[in-house]
Amino acid sequence: MSEFNLKTDDEILSGAQSGDDIQTEILIEKYRSIVEVIASKYKDSPLEREDLVQEGMIGLLAALKSYKKDKGASFKTYARICIDNSIQTALRKFNRQKDIPVQNLIEYQEEDLPVESSYASAEDIVIAQESVSLLTKVLIENLSDFENEVLRLHIVGCSYNEIAKRLCKTPKAIDNALQRVRKKLTVISM
């Protein structure tokens, strides 16, 4: 029997958090079965089982790095929550790509942009185009595809009900998306 088999979870965890790779490996092997059990709850998910296990392992490593014994929960309880959260986050990311049916996607069109004023100078036009490009980049980087589509339709004058109908969602889902957009854009503008 090795000396590591005689150590408690707390001792192994302490060593792993201190950077001991061997104890980290022991902890990972010890909790791998828990990761597999949690991943098996999602057997009907669109992700492969091994992908779910991999996401769960990422959650386990995150738990290892962020666990604080003085917060009251055991490491096992904390790890289970982190593992499950990591898997659910991966599933949300995967499903986010499928939220909008392809037939409902509407590309940004030139006619969606404001008409150039005949009073604008060439310099004003270039600055406006650069501003639109920068804004588009910021929106793509900070908003989900669904939020970008809701915002675009809202900007071109569609009502909540029209947007909901086009995207096969409820008006409440559209309202929630626009609230998230407002919060994200407020943070970005600061």
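Start with helix 2 (residues 21-40) and helix 4: in this predicted model, their axes come within 10 Å and cross at roughly 50 degrees. That angle makes helix 2 oblique to helix 4, and the crossing is right-handed. If you want to find the contact on screen, look for L27, Y31, I34, V35, I38 and A39 on the helix 2 side. Their partners in helix 4 are F75, K76, R80, I83, D84 and I87. Sorted by type, the residues of this contact come out as nine nonpolar, three charged and no polar.

Helix 4 (residues 75-96) also packs against helix 3 (residues 49-66), here at an angle of about 135 degrees and with the axes 7 Å apart. So helix 3 is oblique to helix 4, and this crossing is right-handed too. Helix 3 brings L52, E55, G56, I58, G59, L60, A63, L64 and S66 to the contact. Helix 4 answers with F75, Y78, A79, C82, I83, S86, I87, A90 and L91.

What about F75, I83 and I87? They turn up in the helix 4 list for the contact with helix 2, and they are also listed for the contact with helix 3.

Now for the charged pairs. How many salt bridges does the structure hold? There are six, and three of them are laid out here, with the distance taken between the closest N and O atoms for K69–D10 and for E149–R152, and from N to O for K172–D175.

| Salt bridge | N to O distance | Where the residues lie |
|---|---|---|
| K69–D10 | 3.1 Å | K69 in the loop between helix 3 and helix 4, D10 in helix 1 |
| E149–R152 | 3.6 Å | both in helix 6 |
| K172–D175 | 3.9 Å | both in helix 8 |

Take K69 and D10, whose closest N and O atoms are 3.1 Å apart. K69 sits in the loop between helix 3 and helix 4 while D10 belongs to helix 1 (residues 9-17), so this pair ties together parts that are 59 residues apart in sequence. K69 is exposed, at 56% relative accessible area, whereas D10 is partly exposed at 39%.

K172 is exposed, with 53% relative accessible area.

I12 is found in helix 1 and counts as buried because its relative accessibility is 3%, under the 20% cut-off. Its C-alpha lies 7.6 Å from that of T24, a residue 12 places away in sequence.

S144, for its part, lies in the loop between helix 5 (122-142) and helix 6 (145-155). Although it is a loop residue, S144 is buried, with a relative accessible area of 14%. Which residues does S144 touch, leaving aside those up to four places away in sequence? They are R96 and K184.

Definitions and conventions. Residues are numbered from 1 along each chain as its sequence is written. This is a predicted model: local features need pLDDT of at least 70, side-chain atom pairs count only at pLDDT 80 or more; totals for chains, interfaces and linings use all residues. Side-chain values use heavy atoms; hydrogens and water are left out. Helices (H or I, at least four residues) and strands (E, at least two) are DSSP runs, numbered from the N terminus. Buried means under 20% relative accessible area, exposed over 50%, partly exposed in between (1.4 Å probe, protein chains only). Contact means heavy atoms within 4.5 Å. Axes are lines fitted to C-alpha atoms, for helices over the stretch in contact, and angles run from 0 to 180 degrees between N-to-C directions. Angles under 35 degrees count as roughly parallel, over 145 as roughly antiparallel, 65 to 115 as roughly perpendicular and the rest as oblique. A crossing is left-handed if the near helix is turned anticlockwise from the far one by less than a right angle, and right-handed if clockwise. A salt bridge is a side-chain nitrogen of Lys or Arg within 4 Å of a carboxyl oxygen of Asp or Glu. Ala, Val, Leu, Ile, Met, Phe, Trp, Tyr, Cys and Pro count as nonpolar, Asp, Glu, Lys and Arg as charged, and the others, Gly among them, as polar.
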